[in-house]
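Dear colleague,

Please find below the structure that I am handing over to you, followed by an account of what was found in it.

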Amino acid sequence: RSFDAAFLTEPLVEVFKADNEKLYPLAAKLLLFRPAAKAGDALAELVERKAGELPAALLSRSMDALLAIDPVRYRDTIGKYLEDKDPTMRMRAVTALAAGRPDDEIYAILRKSLADPHDGVFRHALRMLEKRTELPPQEGLVQYLTPYITKTDAKRTPGFLEFMKRRLLPE
């Protein structure tokens, strides 16, 4: 039998408000597949209350669930992870924050990720630029990227050049 989000809302709220950490992963997964704002609010409160304590996999799934409900509603909660020590969380946070935003805001959000010392975060920012923007930044793409590429080491150059090829050269 099929069931909707309302069927699960109250039980999920109860789980997120309780201190039974063993149920959090399952509850976050269920919320991801049956998004409901009331349960999302309880999950957002949990993520803020247990900041730094939740496993990365649970935090990532929680971000996915919050995005499925309403990216704008949970931007403050998710945005706090742009400074996380775990590069995976920084990548996930920037993905979340870029959701549904206009190009100019995405360019502003990605500046920090392009300057991130972790290569994976840098490459992720390039992928976000490619997937989420259609127009170049106001100052032009080359001017926008110059501060980040001049600071990079040789490991970042191939990814940057591939991005520029895909972005600037027609198929």
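Which residues in α4 meet which residues in α6? Ala56, Leu59, Ser60, Met63, Asp64 and Leu67 are those in α4, and they meet Met89, Arg92, Ala93 and Ala96 in α6, where contact means heavy atoms within 4.5 Å.

Before the rest, a word on the basis of these notes. This is a predicted model, in which local features need pLDDT of at least 70 and side-chain atom pairs count only at pLDDT 80 or more, while totals for chains, interfaces and linings use all residues. Residues are numbered from 1 along each chain as its sequence is written, and side-chain values use heavy atoms, with hydrogens and water left out.

The protein chain has ten helices and zero strands, these being DSSP runs numbered from the N terminus (helices: H or I, at least four residues; strands: E, at least two). Along its principal axes, the C-alpha trace of the protein chain spans about 50 × 30 × 25 Å.

By class, the contact of α4 with α6 has seven nonpolar, one polar and two charged residues, where Ala, Val, Leu, Ile, Met, Phe, Trp, Tyr, Cys and Pro count as nonpolar, Asp, Glu, Lys and Arg as charged, and the others, Gly among them, as polar.

Helix α6 (residues 87-98) also packs with helix α8 (residues 119-132), at an angle of about 15° and with their axes 10 Å apart, which makes α6 roughly parallel to α8. In this pair Pro87, Arg90, Met91, Val94, Thr95 and Ala98 of α6 meet Gly120, Val121, His124, Met128 and Arg132 of α8, and the contact divides into six nonpolar, three polar and two charged residues.

For helix α7 (residues 103-114) and helix α9 (residues 141-149), the axes come within 9 Å and cross at roughly 30°, and α7 and α9 are therefore roughly parallel to each other. Their contact is made by Tyr107, Leu110, Arg111 and Leu114 of α7 together with Leu141, Tyr144, Leu145 and Tyr148 of α9, of which seven are nonpolar, none polar and one charged.

On a 1 Å grid over the protein atoms alone, a cavity is a set of points where a 1.4 Å probe fits but cannot get out, and a pocket is an open set with protein on both sides within 12 Å along at least five of seven lines; lining residues have an atom within 4 Å of a point. The largest pocket has a volume of about 170 Å³, a volume being the space filled by probe spheres set on the points, which are joined across faces, edges and corners. Its lining consists of Gly52, Leu54, Pro55, Ala56, Leu59, Tyr81, Asp84, Lys85, Asp86 and Met89, and these divide into six nonpolar, one polar and three charged residues. The largest cavity, with a volume of about 30 Å³, is lined by Leu82, Arg90, Lys112, Ser113, Asp116 and Val121.

With best regards

Notes. Axes are lines fitted to C-alpha atoms, for helices over the stretch in contact, and angles run from 0 to 180 degrees between N-to-C directions. Angles under 35 degrees count as roughly parallel, over 145 as roughly antiparallel, 65 to 115 as roughly perpendicular and the rest as oblique.
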